[in-house]
Amino acid sequence: MNALSEADVNLLLLIRHFEMTLLDLFAAGEISGTTHTCLGQEYIPVALATLLHENDFIFSNHRGHGHYLARTDDPESLLAEILGREGAPCQGVGGSQHLHRDRYLSTGIQGESLAVGVGVALHEKRTGQGTLVAVYIGDGTWGEGAVYEALNLAQLWRLPLLVVVENNGIAQSTPTGCHMAGTVAGRSAAFGITHHLVESTDISRIRAELAPRISRVRTRLEPLVVEFATSRLGPHSKGDDTRNNDELAAVRANDWYTDYAEQWGESFLAADARQRQRVAAITKAVLRRPLCTWETR
């Protein structure tokens, strides 16, 4: 972890404080609808950020704030979208789950992004630009038929598709073992697709493991499934956590934040304070903006 850059640490902590702030804003009645945080999973998009190119297409899901921030480093626009304030990339219509910006697209419909991602990957293959399509899904999404149709075509057509599985062990409130027979690795193997399991939260180690594998997705047009064994610290959405205290304690024991704080010491705490202050200032400024307006035709 000592090889981690200051930019990586700042991004990790930005996502952490952004997500914590969202839960506070929801509790205060400032957010309409729903919101799903990625607390505990922040290191995944940060690790991938340097491995994905600017022209790669990213498909995110309902728990995608960290994916967006790792891609754009633009918390102002994301918060504006969620709060429905001026400056929102989708004028507040997309909200927390459905955002589109350049080559980034998120959706709350489970499995949809992988099917659409295959079509985009086919286009990217035909352009011959060496770009890939990265699709984030969770363990619960493996109950969707569209996932298997997409994997089948990705392998048949040899597409530059990277499937990032954030397996946090629970689909909304159902433990993975109660809704999924077999494993992600086994299901990937059924289509002849390479699977790689990541169990570390060390960003430097993750990048070292994945760099050559992601390169093969680009150069050899080989789809790849990368499964992260991770932990969801927060609730499924808002404040609807159904896990008991022992379960939550076990999850918190695996929080990357503790390990990084021990490794980096005072410099980590200083960065933590800076990002907390940054998010607080952004929140204050965005809340002062006028609400989004739309023209009707």
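Start by selecting helix 1 and helix 4, residues 75-83, which pack at an angle of about 20° with their axes 12 Å apart. Keep in mind as you look around that this is a predicted model. Angles under 35 degrees count as roughly parallel, so helix 1 and helix 4 are roughly parallel to each other. Their crossing is right-handed.

Now show the side chains between these two. From helix 1 you want Leu 14, Phe 18, Leu 22 and Leu 25, and they meet Pro 75, Leu 78, Leu 79, Ile 82 and Leu 83 of helix 4. What classes of residue make up the contact of helix 1 with helix 4? It has nine nonpolar residues, with no polar and no charged ones.

**Next stop: helix 12**

Helix 1 passes helix 12 in a right-handed crossing.

On the helix 1 side, pick residues including Asn 10, His 17 and Thr 21; on the helix 12 side, the contact residues include Phe 268, Asp 272, Arg 274 and Val 279. By class, the contact of helix 1 with helix 12 counts nine nonpolar, five polar and five charged residues.

**Then helix 11**

Helix 1 (residues 6-27) packs with helix 11 at an angle of about 145°, and the axes are 12 Å apart. This time the crossing is left-handed. Select Glu 6, Val 9, Leu 12, Leu 13 and Arg 16 in helix 1, then Trp 256, Tyr 257, Tyr 260 and Trp 264 in helix 11, and you have the contact on screen. The contact of helix 1 with helix 11 splits into seven nonpolar, no polar and two charged residues.

You're looking for an open sheet of seven strands in the order 2-3-1-4-5-9-8, with mixed pairing. Which strands are the edge strands? They are strand 2 (100-101) and strand 8 (194-198), each pairing on one side only.

Zoom in on strand 2. Strand 2 runs antiparallel to strand 3 (residues 104-106), and two bridges join them. To find one end of a bridge, click His 100, whose partner in strand 3 is Leu 105.

**Bring two helices back**

Helix 5 lies across strand 1 (57-60), strand 4 (133-138) and strand 5 (161-167), and runs at about 170° to strand 4.

Then show helix 9, residues 203-219. Which strands does helix 9 lie across? The answer is strand 5, strand 8 and strand 9 (224-229), with helix 9 running at about 165° to strand 8.

**Last stop: aromatic rings**

Finish by displaying the Phe, Tyr and Trp side chains. With ring centres within 6.5 Å as the cut-off, the count comes to eight aromatic pairs. Zoom in on Tyr 43 and Phe 228: their ring centres are 6.5 Å apart and their planes stand at 70°, so the pair is edge-to-face.

Definitions and conventions
Residues are numbered from 1 along each chain as its sequence is written. This is a predicted model: local features need pLDDT of at least 70, side-chain atom pairs count only at pLDDT 80 or more; totals for chains, interfaces and linings use all residues. Side-chain values use heavy atoms; hydrogens and water are left out. Axes are lines fitted to C-alpha atoms, for helices over the stretch in contact, and angles run from 0 to 180 degrees between N-to-C directions. Helices (H or I, at least four residues) and strands (E, at least two) are DSSP runs, numbered from the N terminus. A crossing is left-handed if the near helix is turned anticlockwise from the far one by less than a right angle, and right-handed if clockwise. Contact means heavy atoms within 4.5 Å. Ala, Val, Leu, Ile, Met, Phe, Trp, Tyr, Cys and Pro count as nonpolar, Asp, Glu, Lys and Arg as charged, and the others, Gly among them, as polar. Angles under 35 degrees count as roughly parallel, over 145 as roughly antiparallel, 65 to 115 as roughly perpendicular and the rest as oblique. Two strands pair if DSSP finds at least two bridges between them. Rings of Phe, Tyr and Trp (its six-membered ring) pair if their centres lie within 6.5 Å; planes under 30 degrees apart count as stacked, over 60 as edge-to-face and the rest as tilted.
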